[in-house]
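Morning, everyone. I have one structure to show today, and I will keep it short.

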Amino acid sequence: MDNQSVKFEKINDYRWRIPKQAGMKVPGIIFSDERMLKDIMKDRAAEQVRNAAHLPGIVRASMAMPDIHWGYGLPIGGVVATDIENGGVITPGGVGYDINCGVRLIRTSLYTQDVLPRLKDLVNMLFQTVPVGVGSTGDIRLDAVAQKKILTGGAGWAVKEGYGWQSDIDHCEEQGAINGADPSKVSKRAYERGNDQPGTLGSGNHFLEVQEVSEVFREDVAKIFGIERGQIVVMVHTGSRGFGHQVCTDYAESLVRVMSKWNINIPDRQLACAPVKSQEGENYLGAMRAAANYAWANRQVITHLIRRSFEKVFGERAESLGMSLVYDVAHNIAKTERYEIDGKERSLCVHRKGATRAFPAGHPDIPDDYRKVGQPVIIPGDMGRCSYLLVGTPEGEETFFSTCHGAGRLLSRTAAVRAMRGRSIARELEAKGIIVRASGRETLYEEAPEAYKDVSRVVDIVQGAGISKRVAKMRPIGVIKG
């Protein structure tokens with residue numbers, strides 16, 4: 001079946017229901033407006049939302065954010081929660097290959113007029129300092145003992161090794177390391193792929209951007225986040241690299257073979273799963289958490305390299321340049337969280353695949369200095385338009401406090417390369433005042449602005465639906481792509 005056979009019911013201007021059909025345990029809910037729904041229907045993502053509604057133990061609904069597009073198993077932009085005590089499952093296809101792909105935002109005390117005269121030097125320095133591209137490797141080489149420390153320590157390991165500040169840890173989701181990581185559940189091949197990649201950006205849609213805060217929507221919240229108009233910030237988007245990819249590969253394959261043991265029947269083997277409370281489920285969760293911590297360590301080392309680059313270009317210490325971390329959020333992860341379902345508080349396994357956590361004001365997992373306003377939510381767009389800083393809301397409980405994670409692709413990478421061939425994307429961006437450096441022309445074709453939905457429209461929908469609220473808008477002026 002394909003999207004043409006998926007039936008939708010309009011709930012309101014920002015929500016669409018896929019009604020329960022045979023085998024579905026819950027309905028599907030897609031957050032979209034009518035115009036964007038037409039883009040969503042261009043691939044098989046809605047079918048994947050429907051398929052995920054068959055997962056054992058799923059509660060409330062199989063959900064998808066407006067940046068939804070086709071992925072492996074669960075669509076990118078998908079949110080699924082399963083009841084752990086009532087047969088709820090964990091599925092690698094609901095987390096994705098790039099485990100804990102995430103975004104972090106670093107503020108500075110610099111302003112546009114300070115950076116523009118040195119922008120090319122800064123972009124070149126960042127490109128030289130932060131390894132990028134397929135298979136890129138860094139200066140850190142890990143033996144088995146050190147690698148296991150990363151897998152349990154995450155960003156904290158990096159800070160202890162001199163790659164950052166304690167305040168960085170305070171402003172990371174999970175303080176940069178999720179509990180329950182089990183390095184013994186990671187394959188030898190994953191260790192091999194990860195031993196020289198900490199501090200590397202990678203390829204594809206991963207990026208490092210120097211941005212200008214071009215608009216502030218909520219001055220009160222922005223002030224608490226340390227953000228103001230005209231300020232220069234740096235955004236980083238990357239994940240667990242080859243290490244996390246191998247973890248997903250290993251378990252996506254092995255769980256296919258054990259589903260019959262649990263009498264699990266689902267319409268898509270890419271959603272291969274096991275009960276959270278099973279040895280197989282625990283094994284995957286232990287390995288997934290290890291990969292998540294690897295990703296936090298990776299982004300932390302990159303933060304150190306960014307600060308070094310700014311120090312070299314501007315001749316000042318990173319501390320005096322005000323280069324503090326605003327926040328770091330994951331968007332490919334599964335976590336145990338408690339929610340009220342049918343009048344009872346339950347422990348759920350919340351899968352967020354291409355979706356971002358967005359806790360509201362007062363939540364105990366938010367840093368102390370942000371608790372009275374809510375968790376920062378970082379939503380990157382394409383390299384030619386803009387990105388957003390948002391904040392979580394109480395209304396977000398509907399989606400297990402989840403929101404979108406980016407713009408979402410309109411064109412596959414293959415289609416984008418075919419459509420952009422012959423153009424100079426770098427020259428086009430420079431004409432807009434954006435300096436870009438990339439490891440190859442193909443990457444710029446794949447990541448051209450036209451390959452993505454307009455992130456402003458995506459953010460309008462989550463704002464309209466009430467699941468997160470705009471705080472500030474940032475426009476890119478310098479871009480590093482893998």
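Predicted model: local features only at pLDDT ≥ 70, side-chain atom pairs only at ≥ 80, totals over all residues.

Start with the largest pocket, which holds about 1300 Å³ of space. Its lining has 50 residues, and those closest to the centre are His69, Ile76, Asn205, Arg409 and Arg413. By class, the lining divides into 21 polar, 15 nonpolar and 14 charged residues.

Which elements supply at least two residues each of that lining? They are helix 1 (34–40), strand 4 (62–69), strand 8 (207–216) and helix 10 (241–256). Helix 10 gives the largest share, at 3 residues.

Next, the second largest pocket, with about 230 Å³ of space. Here 15 residues form the lining, and Asp170, Gln175, Asp365, Ile366 and Pro367 lie nearest the centre.

Now the helices. Helix 5, residues 144–153, packs with helix 11, residues 279–314, at an angle of about 95°, and the axes are 6 Å apart. An angle of 65 to 115 degrees counts as roughly perpendicular, so helix 5 and helix 11 are roughly perpendicular to each other. On the helix 5 side, the contact is made by Gln147, Ile150, Leu151 and Thr152. Helix 11 contributes Arg289, Ala290, Asn293, Tyr294 and Ala297. In class terms, this contact of helix 5 with helix 11 has 5 nonpolar, 3 polar and 1 charged residues.

That is what I have. Questions are welcome.

Technical notes. Residues numbered from 1 in each chain as written. Heavy atoms only, no water. Axes fitted to C-alpha atoms, helices over the stretch in contact; angles between N-to-C directions. Helix = DSSP H or I, 4+ residues; strand = E, 2+ residues; numbered from the N terminus. Parallel < 35°, antiparallel > 145°, perpendicular 65-115°, else oblique. Contact = heavy atoms within 4.5 Å. Nonpolar A, V, L, I, M, F, W, Y, C, P; charged D, E, K, R; others polar. 1 Å grid on protein atoms, 1.4 Å probe; cavity = no way out; pocket = protein on both sides within 12 Å on 5 of 7 lines; lining within 4 Å. Points joined across faces, edges and corners; volume = space filled by probe spheres on them.
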